[in-house]
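Morning, everyone. Please bring up the structure on your screens. I'll talk about aromatic rings today.

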Amino acid sequence: MDLRSFLAQSADLPDPTCVDDFASYWTSKRLKKGAHLARQEHPETYEYILLEGCLTSSICDHDGKEICVGFYVGPCVVTPNIARTRNDASLVSIAAVTDALLFRIDQDLLSHRMIESEPVRNWANGILRDALSRKVDREWCLAALGGADRLRWFRETYPGYEDVFTHSLIASYLGITPVTLSRLRSTETHR
């Protein structure tokens, strides 16, 4: 899929001329497996669309323990900059799990385009709403569900991701140990 086709899927961008104009502001970026798109506490001012590949988002605590907080499988939009930065510094690290093709636009340029174009504004606001909704769903999952129900929630929310991402990343995302995840998966297999 190319960028224009991805953007054209949105009901918020119904006009082909608008899609072409908006797509012209984005630039491509390739990442090799293992490379970082963003690093926690480093400057970060871009918005990203992942067209091909897989990324993870993580937070490293003061003891060096890394916690997975997000998964991306292209084609999709990476969590908007406003939800993953503070004072133009990244709150998360984003790494490529596979080779990846992305498109990026500076957040200020996107903001300018949003002011000038109602369809772009509606598209961007919809992306932000969706990202915040996913974040709230995960927080609810971690607060309200036990291990087995967290795994069920994950499978329903992210079908097929167990085949793409390592089980240690999934366990981290679900707030359980890899051993617990292995036991839960084994129990689910034998049902």
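Predicted model: local features only at pLDDT ≥ 70, side-chain atom pairs only at ≥ 80, totals over all residues.

Start with the count. The structure holds 16 aromatic pairs. I'll take two of them.

Pair one is Phe-71 with Tyr-158. The ring centres are 6.3 Å apart and the planes stand at 65°. That angle is over 60 degrees, so this pair is edge-to-face. Now look at where the partners sit. Phe-71 belongs to strand S5, residues 66-73. Tyr-158 is in the loop between helix H6 (147-157) and helix H7 (167-174).

Buried or exposed, Phe-71? Buried, because its relative accessibility is 8%, and the cut-off is under 20%. Tyr-158 comes in at 10%, so Tyr-158 is buried as well.

Pair two is Phe-154 with Tyr-173. Again we have edge-to-face, with 6.0 Å centre to centre and 65° between the planes. Phe-154 is in helix H6 and Tyr-173 in helix H7, 19 residues apart. Phe-154 has 0% relative accessibility, so Phe-154 counts as buried. Tyr-173 is buried too, at 3%.

Last, the charges. Arg-138 lies over the face of Tyr-173, 4.4 Å from the ring centre. Arg-104 lies over the face of Tyr-46, at 4.4 Å from that ring centre.

That's my tour. Thanks.

Notes. Residues numbered from 1 in each chain as written. Heavy atoms only, no water. Phe/Tyr/Trp six-rings, centres within 6.5 Å; stacked < 30°, edge-to-face > 60°. Helix = DSSP H or I, 4+ residues; strand = E, 2+ residues; numbered from the N terminus. Buried < 20%, exposed > 50% of the residue type's maximum accessible area, 1.4 Å probe, protein only. Lys NZ or Arg CZ within 6 Å of the ring centre and 35° of its normal.
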